[in-house]
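Here is a friendly tour to read alongside your sequence and model.

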Amino acid sequence: MTDRYGVLGHPIAHSKSPLIHSLFAAQTGQNITYGQLQLPINGFVSGLKQLIAEGWQGANVSLPFKTEAFGVANVLTARAQAAQAVNTLTFMNGLIYGDNTDGAGLIADLTGSLLYPLQKKRVLIIGAGGAARGVIQPLIDAGVAQLIITNRTYEKSAALAKFFQVDALALHECVNSFDLVINATSASVSGLLPDIPVSVFGPYTLAYDMFYAKEPTAFMRLAAANGARTADGLGMLVAQAAEAFFIWRGIYPATAPVLSVLRQKL
Ligand code: ATR
């Protein structure tokens with residue numbers, strides 16, 4: 001029997017998840033279908049119940065439904081609880097299991113694909129929305145030496161820092177260089193750049209933008225102009241999907257060949 005999965009969002013037309021998961025399935029010989037479904041903004045929970053009734057085994061959840069997915073899950077993993085958001089749902093034994101693989105995807109991309117060990121690293125996260133929140137605990141668990149959160153609206157970074165027991169700085173206070181600078185703001189979506197002092201970048205810095213596009217983002221260009229190595233978030237996208245595939249199928253697919261297909265298609 002073919003097991004059914006898919007990604008839920010609004011909008012969802014440009015999602016890369018169906019391609020990623022069909023490549024994973026072909027690679028690992030798993031008999032699944034993976035579709036995409038746009039649910040009405042106010043119809044997430046009823047839409048989800050319908051999919052479960054139709055026999056879906058699991059779903060990925062995209063914007064803007066990650067918080068609602070968190071709310072509807074009967075069982076949550078610790079990392080979903082820390083993120084307060086769910087991107088991977090599994091339907092089993094009449095229960096909805098909620099997990100969040102975004103942080104694990106970032107860690108896998110950094111350590112597995114970019115060969116960037118995180119132990120003892122000094123890390124700056126720019127942004128204090130859902131994207132930032134999802135990766136903080138996994139970074140702490142990966143053994144970083146220091147984690148600072150900074151954000152355009154300082155109060156939001158201070159609240160997040162308090163929750164995770166790390167430190168917050170205002171953007172203009174970030175004057176020292178960091179080993180890893182992660183752009184978790186949505187500024188890149190609009191071609192914009194957080195107002196960060198360039199002194200955060202040094203020759204040994206990895207500047208990681210969680211966003212991706214055909215061309216390097218404004219954040220990556222600024223970092224490169226100041227001597228840093230750069231990476232975009234396409235590897236994280238593929239790796240978070242691999243983590244979800246593993247949850248559902250018990251097999252961890254190879255991400256490198258899938259990443260190279262996606263890179264060519266950008
Ligand atoms: P997401 O779930 O993608 O994190 P979000 O919760 O709306 O989305 O958060 C967006 C983040 O990007 C916030 O940290 C936001 O800063 P504010 O808290 O000050 O709004 C940040 N952001 C968005 N556009 C930005 C810009 N042009 N410059 C700097 N930060 C920006």
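Let's start with helix H1 (residues 17-28), which lies across strands E1 (3-9), E2 and E3 (58-61) and runs at about 175 degrees to E2. Helices (H or I, at least four residues) and strands (E, at least two) are DSSP runs numbered from the N terminus. Angles run from 0 to 180 degrees between N-to-C directions, and axes are lines fitted to C-alpha atoms, for helices over the stretch in contact. This is a predicted model, in which local features need pLDDT of at least 70 and side-chain atom pairs count only at pLDDT 80 or more, while totals for chains, interfaces and linings use all residues. Residues are numbered from 1 along each chain as its sequence is written, and side-chain values use heavy atoms, with hydrogens and water left out.

**The mixed sheet**

- Six strands make an open sheet with mixed pairing, in the order E2-E1-E3-E5-E6-E4; two strands pair if DSSP finds at least two bridges between them.
- Strand E2 (32-38) and strand E4 (75-76) each have a single partner strand, so one side of each is left without a neighbour in the sheet.
- Strands E5 (residues 88-92) and E6 (residues 95-99) run antiparallel and are joined by five bridges.
- Which residue of E6 is the bridge partner of Phe 91? That partner is Ile 96.
- Helix H2 (residues 44-53) lies across E1, E2, E3, E5 and E6, and its direction is at about 45 degrees to E5.

**The parallel sheet**

- Another open sheet has six strands in the order E9-E8-E7-E10-E11-E12, with parallel pairing.
- Its edge strands are E9 (167-170) and E12 (229-231), each of which pairs on one side only.
- Neighbouring strands of this sheet are turned against each other by 20 degrees on average, direction ignored.
- Strand E7 (residues 122-126) and strand E8 (residues 146-151) run parallel, with five bridges joining them.
- Within E8, Ile 149 stands opposite Ile 125.
- Helix H5 packs on the sheet, where it touches strand E10 (180-183) and strand E11 (206-209), and its direction makes about 145 degrees with that of E11.

**Helix pairs**

- Two packed helices are described by the angle between their axes and the distance between the axes.
- H1 packs with helix H10 (residues 256-265) at an angle of about 145 degrees, and their axes are 10 Å apart.
- The contact (heavy atoms within 4.5 Å) is made by Leu 19, Ile 20, Leu 23, Phe 24 and Gln 27 of H1, together with Pro 257, Val 258, Val 261, Leu 262 and Lys 265 of H10.
- By class, the contact of H1 with H10 has eight nonpolar, one polar and one charged residues; Ala, Val, Leu, Ile, Met, Phe, Trp, Tyr, Cys and Pro count as nonpolar, Asp, Glu, Lys and Arg as charged, and the others, Gly among them, as polar.
- Helix H6 (residues 130-141) and helix H7 (residues 154-164) cross at roughly 35 degrees, and their axes come within 11 Å.
- Ala 132, Arg 133, Ile 136, Gln 137 and Ile 140 of H6 make the contact with Leu 160, Phe 163 and Phe 164 of H7.
- That contact of H6 with H7 has six nonpolar, one polar and one charged residues.

**Backbone details in the loops**

- His 10 and Pro 11 are joined by a cis peptide bond with omega of about 0 degrees, and Pro 11 is in the loop between E1 and H1.
- A cis peptide bond also runs from Leu 63 to Pro 64, with omega near 5 degrees; Pro 64 is in the loop between E3 and helix H3 (66-72).
- Gln 84, a residue other than glycine, has a positive phi near 55 degrees and is in the loop between helix H4 (78-83) and E5.

**The cavity**

- The structure holds one cavity of 30 Å³ or more; on a 1 Å grid over the protein atoms alone, a cavity is a set of points where a 1.4 Å probe fits but cannot get out, and lining residues have an atom within 4 Å of a point.
- The largest cavity has a volume of about 40 Å³, where volume is the space filled by probe spheres set on the points, and grid points are joined across faces, edges and corners.
- Its lining is made of Asp 109, Ser 113, Gly 235, Val 238, Ala 239, Thr 255 and Leu 259.
- Helix H5 (102-113) and helix H9 (234-249) each supply at least two residues of this lining, and H9 gives the most, with three residues.
- Sorted by class, the lining of the largest cavity has three nonpolar, three polar and one charged residues.

Technical notes: 1 Å grid on protein atoms, 1.4 Å probe; cavity = no way out; pocket = protein on both sides within 12 Å on 5 of 7 lines; lining within 4 Å.
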